[in-house]
Amino acid sequence: VYEILATTVYGKRKRAEIGIDRLLNERIFASAFPLHEGPYELPEYDVPPENLNPRQSLYKYWARWSKWYKYQPLDHIQEYFGEKIAIYFAWLGFYTTWLLPAALVGTFVFISGMMSMNTNLPAEEICNISNHYRMCPLCDTCDTWNISEICSIAKLGYLFDHSGTVFFSIFMSFWAVTFLEYWKRKNATLAHHWDCINFEEEEERPRPEFAAMAPMMEHNPVTGVKEPYFPEKDRLSRIITGSMVIIIMLCVVMIFLVTVIMYRGIISVMMYHTGNTILMTQAGNIANISSSMVNLILILLMGQVYTSLAEQLTRWEMHRTQTQFDDAFTFKVFVFQFVNFYSSPFYVAFVKGRFVGYPGHYGKLFGMRNEDCGSGGCLIELAQQLFIIMVGKQIIGNIEEFVIPKLKAWRQKRKLAIVRGSQISQEPKRWEDDNELIPCEGLFEEYLEMVLQFGFITIFVAAFPLAPLFALLNNWVEIRLDAQKFVCEYRRPVAERAQNIGVWFNILEGLAQLSVIVNAFLIAFTSEFLPRLLYQYEHNMNLDGYVNFTLAYAPHSYVQSNHTMCRYKAFRDPDGNLTLFYWKLLAVRLGFIIAFEHVVFFILRVIDWMVPDIPESLEVKMKREYYLAKQALADNQDVYLSVSQHAASPGSGISHSVVSQQLAALTHPGERSPLAESPVKQPANVSP
């Protein structure tokens, strides 16, 4: 029915006045949607399951919170909503299942860090060192301080910076690639089961908005029909202009990042000058946590603004088909959101503390001293940022997904009640009930949310081993929230066919590869793992004297001008020059990155080679179906020849045209294969 509505001419064909979508776009009709198959509310009395309508069945066995531990009825979802939505829920369930082992290993790594916290000798040295080490001032107007003041932070930093986190980052690199390989197999099984494994979108019609705004008509080289046309040269110039706008918006994100950095510095100085001992020692942590919250608010606001801007830019670029429009929009939003969400963690991981300088020669930005890592190191600050940004976004996102559809539905009902007026007392029709629901908003936001989450649990996992656990808890809620939206809150969408999750799989693969590189640099340059390892190799296996070894003396010129002797964390001599140990450590770090990447990428290629994209049993079944189809075609040709010979004989009364029509019906390319007609459901289609 939708195909008929979408292709019916209502005006002049040369003006592309075709289809219900354009009528909706021009506000001639208010809405058009398939009907839900009855209400979702369950009867007050007990009803046998077979007497429930499909919507009630989905609500009873899938969309309720009490079913959080149940498998998803993917076949029923596919029959009711179509393959495209069913594939999304299948992927979400599969991803959530695979998060379970990652969450268990991450939690084990975190707990092992807690249990071995008291065995961390460098932290014990800091706590027991008394007043022997006076540290250089943290700001130009601050005083010297005693290193033992950061005892608790030094111990806490060990939770996120021990040998277990190195193991976990390697484990998560393997996990990410193995997960994607096994999703390919699951996807192939589902696509075959739903008979869309070789599905390809037919020649798409132009978008209604494109048809209305295109300046000229041209012959379509595929169909030969005249249709609206927009010159490629003009589109390219618009795409380039749009790219400039994207770059400007990315610069705005960088400006906000610098603003947050300056805010953090100002708060730290203010905390120090309060004179309160607790605030003075915790100034860095308070500044880091508060700035992370400010950063999260800016990230969410910028995301909303840019998504609206990206949609307008993509419309202006005049893409012909909906697929081209969706791909261009997805690329714009993902690039921006990637920089928007990950720029601050990247700064803390790889920039903060790298350009501080040393006493008497500090680096400055806008008159303020460049940020140094906090007393517990940059890794604990990175963990704080990841926790606030990732978990904060998940909580706010789930509240939005729960509240906003209900507010929209209330507003829609109120607006329709005003339109109905005196008719409100009449029993509303099914289509009137469905019209009170909100239009389906598609899957873009759902996929984007999960892909960004995938980045958090893979790219920076060395700093935050609990990330998979928080992702798992969120996804258990997400599955039921999305199910409720589609069953209870949304109008029923037009069913669409799809054989995979589309461009999102390529993005996930890119993030998995990037995570290997980022984690290698994180362990090499941000963690204390390699400095401790090299010190153990060259000086002391038990790390005795490690704290003293990592602290340099302030240069003589600084001591003479400030009349105070102090220490600072760096591998420098009393003149401020880098020591030989620094250069050895740099060589070890670079060697570690090269070895880590090569070994991990090699093993990933082996996993890719060992795990076939299509399960062997499915491949045999597909080959069997192909063989039977060829046999059926050969048999039909034999029948055709014999019938043709019989038709050619005098008095047979059978025309060649009738035979040709029958053969065409038998060998039509759209026909399913004999095995695909089997009514038996395969058991391999369930996913939590």
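Q: Which side chain does K485 meet in a salt bridge?
A: That of E401, at 3.1 Å from N to O. A salt bridge here is a side-chain nitrogen of Lys or Arg within 4 Å of a carboxyl oxygen of Asp or Glu.

Q: Where do K485 and E401 sit in the chain?
A: K485 is in helix α17 (residues 467–489) and E401 is in helix α14 (residues 378–420), so the pair links distant parts of the chain, 84 residues apart. Helices are DSSP runs of H or I with at least four residues, strands are runs of E with at least two, and both are numbered from the N terminus.

Q: And E401, buried or exposed?
A: E401 counts as buried, at 12% relative accessibility.

Q: Why do such side chains pair at all?
A: Opposite charges can pair when the charged atoms come close.

Q: Quick check, where does this model come from, and what's counted?
A: It's a predicted model, where local features need pLDDT of at least 70 and side-chain atom pairs count only at pLDDT 80 or more, while totals for chains, interfaces and linings use all residues. Residues are numbered from 1 along each chain as its sequence is written, and side-chain values use heavy atoms, with hydrogens and water left out.

Q: How many salt bridges does the structure hold?
A: There are 21. One of them joins the side chains of K569 and E528, at 3.6 Å from N to O. K569 is in strand β10 (residues 567–569), and E528 is in the loop between α18 (503–526) and α19 (529–538), 41 residues apart.

Q: Is K569 buried or exposed?
A: K569 is exposed, with a relative accessible area of 54%.

Q: Which residues get joined into one network?
A: E181, K184, E509 and D613, through salt bridges that share partners. Among these, D613 and K184 meet at 3.7 Å, N to O. D613 is in the loop between α22 (580–610) and α23 (616–648), while K184 is in helix α8 (residues 163–193), 429 residues apart. D613 counts as partly exposed, at 38% relative accessibility.

Q: Changing topic: how many helices and strands are in the protein chain?
A: The chain has 24 helices and ten strands. Of its 688 residues, 45% are buried.

Terms used
Buried < 20%, exposed > 50% of the residue type's maximum accessible area, 1.4 Å probe, protein only.
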